[in-house]
Amino acid sequence: MNILSLFVLIPVLMLAGLWLAKNLYQVRGVMVAGSTALLALSIWLTIYFIQQRAGGNTDVMLLTASTPWFKPLNIAYSVGVDGISVVMLLLSSIIVFTGTFASWQLKPLTKEYFLWFTLLSTGVYGFFICTDMFTMFMFYEVALIPMYLLIGVWGSGAKEYAAMKLTLMLMGGSALLIIGILGIYFFSGATTMNVNEIAAMHNIPVDMQKAFFPFIFIGFGVLGALFPFHTWSPDGHASAPTAVSMLHAGVLMKLGGYGCFRVAMYLLPEAAQELSWIFLILTTISVVYGALSACVQTDLKYINAYSSVSHCGLVLFALLMMTKTAATGAILQMLSHGLMTALFFALIGMIYGRTHTRDVRRLGGLMKIMPFLAVGYVLAGLANLGLPFFSGFVAEMTIFVGSFENADLFHRACTVIACTSVVITAVYILRLVGKILYGEVSDPHYLKLTDATWDERLAVGCLIFCVAGLGTFPFWASNVINDAVIPILNNINM
């Protein structure tokens with residue numbers, strides 16, 4: 001068995017263990033054992049990948065394997081990883097591990113909650129290891145479907161509305177995807193659905209590329225919060241339980257950017273070149289609109305949700321610039337945003353669990369009451385606004401430098417406009433931190449509240465370590481990512 005299949009096998013075993021668990025302690029034991037094993041596996045894979053590259057292995061994909069699955073359409077269970085896949089698997093494992101502890105006290109129906117949470121993570125892992133388009137799509141759907149129940153049952157606020165809106169919009173994107181995938185397969189004349197093999201053929205007529213590129217890019221872009229298809233995101237994030245918000249914003253939205261780059265742009269390069277300006281305008285709007293919208297929100301989750309629209313917009317924005325530096329920055333942004341938004345949502349959930357409000361106007365003086373959570377929130381805010389030595393600075397600087405490498409007026413104008421989001425982000429983050437953490441305690445009842453418990457400290461501490469570690473030592477990640485973006489960009493710019 002290929003070792004990459006363990007990323008699917010371990011969650012499947014976790015599902016079986018959860019199903020058989022008889023009490024809360026067994027449920028927690030299964031989740032801790034499984035999430036720890038996945039994190040250890042992803043760390044091993046990252047080290048292995050770095051060692052292979054250092055040893056001179058120049059294969060585009062490592063640990064490849066393929067098993068026929070449905071021969072009439074040449075569908076296979078094909079797996080393999082490059083640098084992009086490796087860092088996304090590492091990100092997913094970190095979020096699943098910390099999300100387990102962020103949900104440590106969740107009740108009721110804890111067993112059922114973790115069953116759906118694990119099924120969602122199974123789809124995410126399968127998507128990142130697969131190289132067959134149809135199998136990728138299958139795991140993509142597995143990752144989306146549990147969101148309805150996770151939000152609709154365990155969420156808060158207008159949870160039924162948010163769950164239905166999210167499901168309908170993402171299923172609409174999936175309908176576009178299946179049209180685009182079948183179009184690529186039939187018009188490429190390929191005898192396989194393997195992404196790398198189709199890309200090497202260069203057989204798809206330009207007219208057909210232009211016809212199917214919008215289907216693929218918008219289909220994945222819906223999940224990546226592409227304007228104007230982003231409206232499900234704030235409602236979904238605001239209503240989801242803490243760990244689901246962490247996994248959703250931290251990992252699930254990254255499937256959108258990954259798919260746009262790996263499938264739409266890689267397999268339809270001429271269409272990407274000719275139509276990129278349309279989507280570049282939309283992503284520029286996403287970046288600025290998301291930041292401006294975050295400024296006027298009064299709900300902590302909505303602030304972070306609109307901030308995610310802005311930061312995920314930067315991912316698609318950078319990919320459409322089609323330079324090596326910008327593309328590397330886009331993947332770094334996926335990694336950075338996944339970590340820092342998971343940290344934000346974890347902290348917001350912990351604050352809400354104590355104060356029972358997310359309304360900024362009703363919060364104040366929390367630094368005196370819960371200093372650990374407050375300091376964590378300050379650090380998350382500094383990472384979000386792009387302070388040096390945090391992951392956000394590394395990713396955003398790489399994106400803007402790479403985007404400005406395009407010498408024409410249109411690309412540079414879009415870059416300058418997108419850069420304004422940095423200033424806007426600093427405004428709402430600093431104002432938010434000052435309002436809820438400092439000054440007088442807004443409600444005397446808050447004085448009775450306690451600081452973070454051991455499980456919350458573990459989750460928050462791990463995420464802070466990762467955010468600061470990536471910002472301080474980013475070169476290992478950028479080197480891993482560079483090797484992966486070059487073949488894709490060569491195919492686009494040839």
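This is a predicted model: local features need pLDDT of at least 70, side-chain atom pairs count only at pLDDT 80 or more; totals for chains, interfaces and linings use all residues.
Me: OK, start with H5; how far does it reach?
Reply: Helix H5 covers residues 133–144, twelve residues in total, and spans 17 Å from its first C-alpha to its last, close to the 16 Å expected at 1.5 Å a residue. Helices here are DSSP runs (H or I, at least four residues) numbered from the N terminus, and the expected span is 1.5 Å times one less than the number of residues.

Me: Is H5 mostly covered or mostly open?
Reply: Mostly covered, with nine of its twelve residues buried, where buried means under 20% relative accessible area, exposed over 50%, and partly exposed in between (1.4 Å probe, protein chains only). Among the buried ones are Met133, Phe137, Tyr140 and Glu141.

Me: And what caps its N-terminal end?
Reply: Asp132 does, with a side-chain oxygen 3.0 Å from the backbone nitrogen of Phe134.

Me: Switching to charges: how many salt bridges are there in the whole structure?
Reply: A search of the whole structure finds eight, a salt bridge being a side-chain nitrogen of Lys or Arg within 4 Å of a carboxyl oxygen of Asp or Glu.

Me: Which residue does Lys210 pair with?
Reply: Lys210 forms a salt bridge with Glu274, and their closest N and O atoms are 2.8 Å apart. Lys210 belongs to helix H9 (residues 206–223) and Glu274 to helix H13, so this pair ties together parts that are 64 residues apart in sequence. Lys210 counts as partly exposed because its relative accessibility is 31%, and Glu274 is partly exposed at 41%.

Me: What about Asp299 and Arg358?
Reply: Their side chains meet in a salt bridge at 3.0 Å, N to O. Asp299 sits in the loop between H13 and helix H14 (300–321), and Arg358 in the loop between helix H15 (324–355) and helix H16 (366–369), 59 residues apart. Asp299 is buried with a relative accessible area of 18%, and Arg358 is buried with 12%.

Me: Which parts does the Arg354 and Glu456 pair tie together?
Reply: The side chains of Arg354 and Glu456 meet in a salt bridge at 2.7 Å, N to O. Arg354 is in helix H15 and Glu456 in helix H20 (residues 454–472), so the pair ties together parts 102 residues apart in sequence, and both residues are buried.

Me: Last one: which residues form the nonpolar patch on the surface?
Reply: Trp277, Ile278, Ile281, Ile285 and Phe410 form it, with about 410 Å² of accessible area together, the areas coming from the Shrake-Rupley method with a 1.4 Å probe, and for residues only the protein chains shown counting as cover. Patches are made of residues with over 30% relative accessible area and no salt bridge, like charges being joined within 9 Å and nonpolar side chains (Val, Leu, Ile, Met, Phe, Trp, Tyr) within 5 Å. Helix H13 (residues 269–295) gives the most to the nonpolar patch, with four residues.

Definitions and conventions:
Residues are numbered from 1 along each chain as its sequence is written. Side-chain values use heavy atoms; hydrogens and water are left out. Helices (H or I, at least four residues) and strands (E, at least two) are DSSP runs, numbered from the N terminus. A polar contact is a pair of N or O atoms within 3.5 Å; within protein, one must be able to donate a hydrogen and the other to accept it, and residues adjacent in sequence count only if both atoms are side-chain atoms.
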